[in-house]
Amino acid sequence: MNSRRKFLQKSLLATAGISLSNVVSADQFFRSIKSVGPNDQINVGLIGCKGMGWSNVNSMLKMPQVNCIALADIDSNVLDQRAEDVLKARGKKPILYKDYRKMLENKDIDVVVIGTPDHWHCLNLVDSLEAGKHVYVEKPLANSIEECRVMVEATKRYGKLVQVGQWQRSGSQYSEAIDFVKSGQLGNIRLVKCWAYQGWMNPVPVKNDGSIPNGVDYDMWLGPAPKRSFNENRFHFNFRWFWDYAGGLMTDWGVHEIDIALFAMGVSAPKSVMASGGKLAYPDDASETPDTLQTIYEYEGFNMLWEHATGIDGGNYGYTEGIAFIGNNATLVVNRGGWEIISEKEGDKPKLEAMSKVKPQGNALDLHMVNFVDSITKNDASLLNCGVETGSVAAINAHMGNIAYKTGEKIYWNDEKGLFTSSKANKLIKAQYHNGWKLPKV
């Protein structure tokens, strides 16, 4: 039985033009580097050091030609912790900054990694590009459609390379699945499902405003967001669930899954969007963004359904997250654990042979960083697995889902004008900046 499965797997892959042997793992890449000359060194500065910002730099430091020479964060406690982490990894402490703009004056920095909350991404990226740095920016690209457009224009203007942290683009299972979808073997695809069920997410308990922790520059953390008293719920990780700083699971997880779906289907903008949901799991907790949401996107020839839920894991096909391409002959399901084919039957016979799960090869985040560094070394933006325009497509579509939810309307998109037909929806395209901060002009 196993030999038959392997035979079918190889046959289907070969028909789709996919070879498992041509995927180079990050470990293989690292082992292939014998020595690194001084001219090949890449010096990195990190803005926003606590979560994914540090994960990204930690991954980059697996490559011997990459050095972390500077850290910027509004929290001295985080700065001190990450300085020790860099020292442990490389034997040398980086220079520490509380204001990222001072860090950008350091001419020894080649690359900036941005790991700040979403509402800071646009300012961080444009300032970094203006300072002559290449940039790796966490997903989602921005906190508004308008900011996405500014960031794309800034990248064009300054001519530096920008990689977006949608690292699923570098996962072997996703590239194989995308190739298979494009091969046409699934038949006509009329529906694509994307989902993220997050059973680990508990209610965010309501807390009173409190004093600003020692070592934290809270005004700098707020930046362009509305002025508010400090509340622990809105700080560090939980910022994701408040509209001032982010877009909830729709933009946090949605950009990963929607990116793969749109790329495989060869589309970038919907004709219409509608959404329904709310705080249905934890109606009385402190968060603002919906914990339950279904969003239907209409594209030319097919629909896409995004759905997310907190507090439960019972997602589609038994998976907590994933993308399913539903065709007339079969359904292809892909997620972080691999990809598989579930057949449709015609009588007693399958229209397309089922295929058991093909597991990923290598660590996708490491591979994403290898791709970024390789693209910088060759100074070739076309090599990037997830450049700024790719990141903007995913982020803009995710923001459209939130806009449909906020308006409570089915909204229609005019691609030529880059606007909705609804004035209510168009107002939500705009970025809202406060406290003297201005949207960058390019």
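**Group meeting: a sheet and the helices beside it**

Okay, let's start with two strands: β8, residues 272-278, and β17, residues 411-414, run antiparallel and are joined by two bridges. One of the pairings to look for is S272, whose bridge partner in β17 is Y412. Keep in mind that this is a predicted model.

If bridges are new to you, strands of a sheet pair through backbone hydrogen bonds, and they can do that parallel or antiparallel.

Now zoom out. β8 and β17 belong to an open sheet of ten strands, with mixed pairing. Reading across, the order goes β16-β13-β12-β11-β7-β10-β9-β8-β17-β18. So which strands are the edge strands? They're β16 (355-358) and β18 (419-420), and each of them pairs on one side only.

Next, find helix α13. This helix packs on the sheet, where it touches β8, β9 (292-299), β17 and β18. Compare directions, and you get about 65 degrees between α13 and β8.

α13, which covers residues 388-407, also packs with another helix, α11, residues 254-265. Their axes are 9 Å apart, and the angle is about 110 degrees. Angles from 65 to 115 degrees count as roughly perpendicular, so that's what we call α11 relative to α13. The crossing of α11 past α13 is right-handed.

And who's actually touching whom? From α11 we have V255, I258, D259 and L262. On the α13 side they meet T390, V393, A394, A395, N397 and A398. Sort that contact by class and you get seven nonpolar residues, two polar and one charged.

Key. Residues numbered from 1 in each chain as written. Predicted model: local features only at pLDDT ≥ 70, side-chain atom pairs only at ≥ 80, totals over all residues. Heavy atoms only, no water. Axes fitted to C-alpha atoms, helices over the stretch in contact; angles between N-to-C directions. Helix = DSSP H or I, 4+ residues; strand = E, 2+ residues; numbered from the N terminus. Parallel < 35°, antiparallel > 145°, perpendicular 65-115°, else oblique. Left-handed = near helix turned anticlockwise from the far one by under 90°. Contact = heavy atoms within 4.5 Å. Nonpolar A, V, L, I, M, F, W, Y, C, P; charged D, E, K, R; others polar. Pairing = 2+ DSSP bridges.
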